[in-house]
Amino acid sequence: MPGPLNGNRKSLILAVVLIALTSPAAFAQTAPPAASAPPTDATAAKAPAFDVISIRPNKDNAQMSGNGSFRMRVGSRSLPDGYSASNIDLKSLIANAYGVRPDQISGGPDWSASYHYDIEAKVVPADGTALQPLTKEQRILMLRSLLADRFKLVVHTETKEQPIYELVVARNGPKLQPAKPDQSTRMTMNASGKSTMETADLSALVFQLSSQLGRPVVDKTGLTGKYEIKLEWTRDQGPGSNDSTSTDSSGPSIFTAVQEQLGLKLNSTKGPVDTLVIDHVEQPTAN
């Protein structure tokens, strides 16, 4: 099984995951849902669940990049009839199911962040009729049921006072361009710090900023529309980095880019942060 990842490889993983994810739950606000645990035995029968589930250890979790270095291939996506993930670790899977970032999850054994899996889960209509596409709420409940059944996951939430960033409107006002009515919903991002979001609300930007900064970002802008968001910055590679994916070292920091390109500002402060705590988890049962 693969071991822990260094900071640069984690950044590359994040870039690929953000491109691959299509579930609206992936861009939820930082607070976990009110339900603090997967369905109990008493309610499991009422919770929607996938009919077919395959969970296998990933054995081919790297690819050769153009500069001769290895990087992880990670992705998850929502399907009309299910959920698919490649080379995903348990904490990222929990993050998908509860609408939080992996760094908001604490507890659990070391393997919960280092073991990776390939997962295929689908719903199969019993009578052969056409299947209606799963809703966001159904998919979330099904992922939680999968975690409770196959990983024996039990979690609870805790609220802690932690450093956060508040996203506010800068002095000269926002520079966001409204999305066109017929514009598709799409998000792309590369490891060097160039991102494009089409037909996105501020929750998508907040999620991306939180992931990049490793600290919760709270939307205090009051902006509720859909926007075409383009943001470019130079990713901080850190001391001793040998990552060659970012070639422009003179570009703006993410803080400067947010203010100059979007007309918004990140203020550092402290505030309550809801975190998800793993009480119990086991390696997945056989298919």
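Helices (H or I, at least four residues) and strands (E, at least two) are DSSP runs, numbered from the N terminus. This is a predicted model: local features need pLDDT of at least 70, side-chain atom pairs count only at pLDDT 80 or more, and totals for chains, interfaces and linings use all residues. Residues are numbered from 1 along each chain as its sequence is written, and side-chain values use heavy atoms, with hydrogens and water left out.

**Stop 1: helix 5.** Select residues 202-213. This helix has 12 residues and reaches 16 Å from its first C-alpha to its last. That is close to the 16 Å expected at 1.5 Å a residue (1.5 Å times one less than the number of residues). Of its 12 residues, 10 are buried, so helix 5 is largely enclosed by the rest of the structure. Buried means under 20% relative accessible area, with a 1.4 Å probe and protein chains only. Among the buried residues are L202, F207 and S211.

**Stop 2: G214.** Step just past helix 5. Here G214 takes a positive phi of about 65 degrees.

Stop 3: Four strands form an open, mixed sheet in the order 6-14-8-12. Strand 6 (105-107) and strand 12 (217-219) stand at the edges with a single partner strand each, so one side of each has no neighbour in the sheet. Two strands pair if DSSP finds at least two bridges between them.

**Stop 4: strands 6 and 14.** Now select strand 14, residues 264-280. Strand 14 pairs with strand 6 in the parallel sense over three bridges. Which residue of strand 14 is the bridge partner of I105? Pick L276.

Terms used
Buried means under 20% relative accessible area, exposed over 50%, partly exposed in between (1.4 Å probe, protein chains only).
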